[in-house]
Amino acid sequence: MKIRGYDKKYDEIKLQMTPMIDIVFQLLVFFIMTYKVTAMEGDYNIIMPAAASEPTMTEEILDDVIQVKLTAGDDRYLASIQVTLGAREETFAGVSSPDKAARQPAFDGLHNFVLGVVGGNKDPATASEIEAEIEIDYDLRYEDAISAIEAVSGYKRDDGQIVKLIEKIKFRNPG
Amino acid sequence: MRFKRKDTRILEADLTPMIDMTFQLIAFFMLIINFSEVEKSEELQLPLSEIVKPPESPPPYKITLNVDADGLIKFKTLEAVKLEAVRPVLLSEIGVASRFGVAAGKISVIIRADKNVRTGLVQELMEACKKEQLEQFSLRVNEQLR
């Protein structure tokens, strides 16, 4: 028995792929060209002191506030760091120079001071209740101010874990 | 003489795997593209720090202020202005935030300052923000890899 239509030849439907591939490659090239490999960015949270008319704690010497004073040298790099906590007062000098290694001893001194106060055996993930109040020379380069903030904030252990030291960091009102 | 018949069939390559791969690549690049980069000023050299990590959750509203090495302040794509002229920018952003129900005190001010800028200027900028009731400040730095 002959089935009607059985012999009919159907045309093969072919999709035109070329325009789609063109567009897809254009998109791909666009995304590849606009892709930028950038370093990750992170934040230090800073507390600004209350307005000058209100009483601030900066005038009194408190046992739970480390007062840090950063002094700039002639070329605006860090020259020294003065640290006060209660009756304790120490000064860490660096060499004001574009070479970071020459300034590093001052930051190390500050870091060791804070580590001695806060204690190195604490829980790495929790910051101390102690505050740091930083007074900075107007002209000091910003990178040195950040290095000082880093020195009091914490450090990275060899295993990559970040140990928090002080989280409450205040800037003293600019003079 | 006998001639061999030429095979006239069109050879077609199978494009499916290539298209699959290409779409996967496009999806990848689309996912990682970050439109918030628009707020960043690329010519700035941020200070480096080993112990910072990117914030885990975005703030409810943020104002990113870029401070270049000359002390000029740039906000989004607006022209860079001096510190004295930053107030209208802050007021306009505080107005936008309030329309989203975010009070000035809850706005996060992110300061991206060049590593060579005078720190006093950054502090003055923070003071200017504080006068407009902005209280939360973050100093942005680049993560330094060991």
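**Exercise 1.** State how many helices and strands chain A has, and the pattern they follow.

*Solution.* Chain A has three helices and eight strands, where helices (H or I, at least four residues) and strands (E, at least two) are DSSP runs numbered from the N terminus. Along the sequence, the pattern is α-β-β-β-β-α-β-α-β-β-β. This is a predicted model, in which local features need pLDDT of at least 70 and side-chain atom pairs count only at pLDDT 80 or more, while totals for chains, interfaces and linings use all residues. Residues are numbered from 1 along each chain as its sequence is written, and chains are lettered from A and ligands numbered from 1 in the order in which they are written.

**Exercise 2.** Describe the contact of H1(A) with H1(B) by residue and by class.

*Solution.* Step two: contact requires C-beta atoms, placed from the backbone, within 7 Å. H1(A) contributes Ile21(A), Val24(A), Phe25(A), Leu27(A), Leu28(A), Phe31(A) and Ile32(A); H1(B) contributes Ile19(B), Thr22(B), Phe23(B), Leu25(B), Ile26(B), Phe29(B) and Met30(B). Step three: the classes are 13 nonpolar, one polar and no charged residues, with Ala, Val, Leu, Ile, Met, Phe, Trp, Tyr, Cys and Pro counted as nonpolar, Asp, Glu, Lys and Arg as charged, and the others, Gly among them, as polar.

**Exercise 3.** Which residues are in contact with Val68(A), leaving aside neighbours within four places in sequence?

*Solution.* The partners are Ile81(A), Val83(A), Leu110(A), Ala132(A), Glu133(A), Ile134(A), Glu135(A), Ala148(A) and Val152(A). For chain A, 59% of the contacts with a separation of 6 or more are between residues 24 or more positions apart.

Terms used. Contact = placed C-beta atoms within 7 Å.
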